[in-house]
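Dear colleague,

I am passing on the structure that we spoke about, together with some notes on what was found in it. Please look at it first and then read on.

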Amino acid sequence: MARADETAALRFDIGGMRCAACSARIERVVGRMEGVVGVSVNLASAGARVWVTPGREASLTAAIAARVAALGFSASPVGEEDDITKAFEAAAARERAQSMRQARRLLGMAAFSLPLLVLSMGHMLGLPLPRALEPHGAPRAFMLAQLLLTLPVLWLGRHFYSAGFSALLRKAPTMDTLVAVGTGAAFFSSLVTTVSGVLGNEPARRAMELYYESSAVLLTMIELGRFLEARARRKAADAMGALLRLAPETALRLTPGDASAAPVEIPSGKIKKGDTLLVRPGSRIPADGIVLDGKSAVDVSLLTGESLPMAVAPGDKLVAGSVNGEGALTMRAKNVGGRTRLARIARLVRQAQENKAPIARLADRASYYFVPCVMLFAVLSGLAWLALSREPYTTALTVFVAVLVMACPCAMGLATPMSVMVGSGRGAQLGVLVKTGAALETACRLTALALDKTGTLTVGRPVLEAFYAPEGRGFEESFCLTLAAALEARSEHPLARALVAAARERGLPSCPVNEAEIFPGLGILGNVSFDGRVWLTVIGSAAFLRKRGVPLPDMSVLTRIAETGRTPLLLALASADDAPILAGIFALADALRPESAAVVKCLRAQGLRVVMLTGDNGNTARAVAARAGIEEVHAGLLPGEKAAFVRRLQEGGAVVGMVGDGVNDAPALATAHVGMAVGSGTDVSAEAGDMVLIREGMEGVLTAMALSRAVMRNIRENLIWAFGYNILGLPVAAGLLHAFGGPMLSPVLAGCAMAFSSFSVVMNALRLRSFTPTPRGNQAPRRRG
């Protein structure tokens, strides 16, 4: 398929799919249309994503919908930027209405099927029947009563026949075709027997050759299986519902410039960008925005998995869906509606649930040919029993019906997408957004992992790590930091902000500053008033201080600071008319994330080759790598060189993952087999990544890989069950055991097994909802081969 940036994506909600043969048929037909570059139809989510040539979206949308309708299904276009909350609520309402209809239909079918089962099988189990319905004493009444109980069930289950025979006429048989042909054959055989018996042709013998219960009870059991499966599938999709329910239904809007006006309660959908909102203690944040007034702690655990509340104050960012703590906040709305981070997360989850993992193609290819092969196998099996055995024709009919209803392409079709759907939803709850099924499949097979330094291994901002005072000068660190922070508060440089933050954390006082002058790229100077004295304060590089006439003694300490990957910031002070002298040296560094070293150790224990790729200088890169436990470092790389290095690893046979957070990481993220974008990074890197780690810290990498292993294990279990069930079950349904003196499989039991097969696949996938990553340091080594 062409690259994503060379195509346009269209989304459709698909109605009427019953099994993997349906989705495979739609993929093949739509995929052959002119202008269609690729197509992915997901049975579990009942959705399709079609990639088309840019500029042809409008014409192809209508053409695709018409082509799908011609196949007997419905295709409703869905815009990528539609209000996802409204779209989800509308889909949920449709599913509830469909569930109610299905429940009423099921109750009606069961109301007739249970008496039919008792009537047809009761005498075999020793259950007494009224003399008027006893098969030996009143065979005609016995046959007619079964017919009358069967007809309502067939009417209530007529959707099986309309869909199944329509698909057969289009030469694209589905699971409904198997059910319709099997139960239809059993019914019409019984109907012929009934007519013959009622007309006087050995009615007592004919009464024992009926298969009405095979039709009615089978339809009821299959309907029950689909009802349970639909309920389980709704649970699987509940991760997105849980995300969307985080957004409050209402918000409190304040009137700008009128402090006395009471807040007005409005629907969250009415919030506009720039609105001033009041967030009361304990309520949810209604939109992305910035704190204007108030202090509090905000709980983002349900959104990102971060367990500790985040302290917020004026100027800090707020995310829609998070829960305010004990303090009231006034905020300004920045991103609202479908543009909030919560809505973007929900769209990514939906995208992941609609994408197929490559392993799903195996089941799709098998399912496409499976139904025709089963129909042929059923005919051959029935004919074999009819021609090669001395069994009555009813044995051949039993075999024919049992084979048809035993086959379950639905289980094969659901095996992969159900696991991906539940796994991606669980990942979102844990702070890992999976954008493609391919990434989820590949992440557990990584053999090499390239890590960016700034913002990935490190916190992405400099912090004050040490202070060096020249001998004999007598200046204390707190005094120097007070003056330096007061002056640096006039600057926006990251190093300046680090000194200001350090002074604030230590509770140091602020001081008046006069005549501040900034020299970009070099330093800053100005007069700072403190303790009744005015200090000329000069801060900057060694070259800047020399230029200002500050004498610098032996500066070997600068070399030591640089060798450890830190940045020196020199401070010179002068009082009254004295010449400025060196008062101290601040050592600042982009601090290593507290968990980075442990995560790297865990990755290496799993057998991965861990590499640092950074654009920073060699000394700083090696110093950070040493603290993180990384032995292989490649520094001074441009964005294209990072991508080229990833390609070299791939050419060497490695399955490569890349973790990064900046614009300069985007090419490497797109090149890697699995790109993991740190969610605190830029939109460009998040767009380029296959996964987005929205939780702060490196532990998201371990979570993503552990989730991938769990999902792939679940998929393999589902596929083994789905294929194994059909491989072992179909010969039994064909009478293999009976040929060696064993029992014949009843079509009713075969239908129950088929319904249980697809239901069990869904239930096994639901186990992923309880997936919890192994605590750091206890990750099992990855097995090779």
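Does Asp-275 count as buried or exposed, and at what relative accessibility? Asp-275 counts as buried because its relative accessibility is 14%, where buried means under 20% relative accessible area, exposed over 50%, and partly exposed in between (1.4 Å probe, protein chains only).

Please keep in mind that this is a predicted model, in which local features need pLDDT of at least 70 and side-chain atom pairs count only at pLDDT 80 or more, while totals for chains, interfaces and linings use all residues. Residues are numbered from 1 along each chain as its sequence is written, and side-chain values use heavy atoms, with hydrogens and water left out.

Asp-275 sits in the loop between strand S6 (264-267) and strand S7 (276-279); strands (E, at least two residues) and helices (H or I, at least four) are DSSP runs, numbered from the N terminus. A polar atom of the Asp-275 side chain lies 2.9 Å from the backbone nitrogen of Lys-272.

Val-379 lies in helix H12 and, with a relative accessible area of 38%, is partly exposed.

Definitions and conventions. A polar contact is a pair of N or O atoms within 3.5 Å; within protein, one must be able to donate a hydrogen and the other to accept it, and residues adjacent in sequence count only if both atoms are side-chain atoms.
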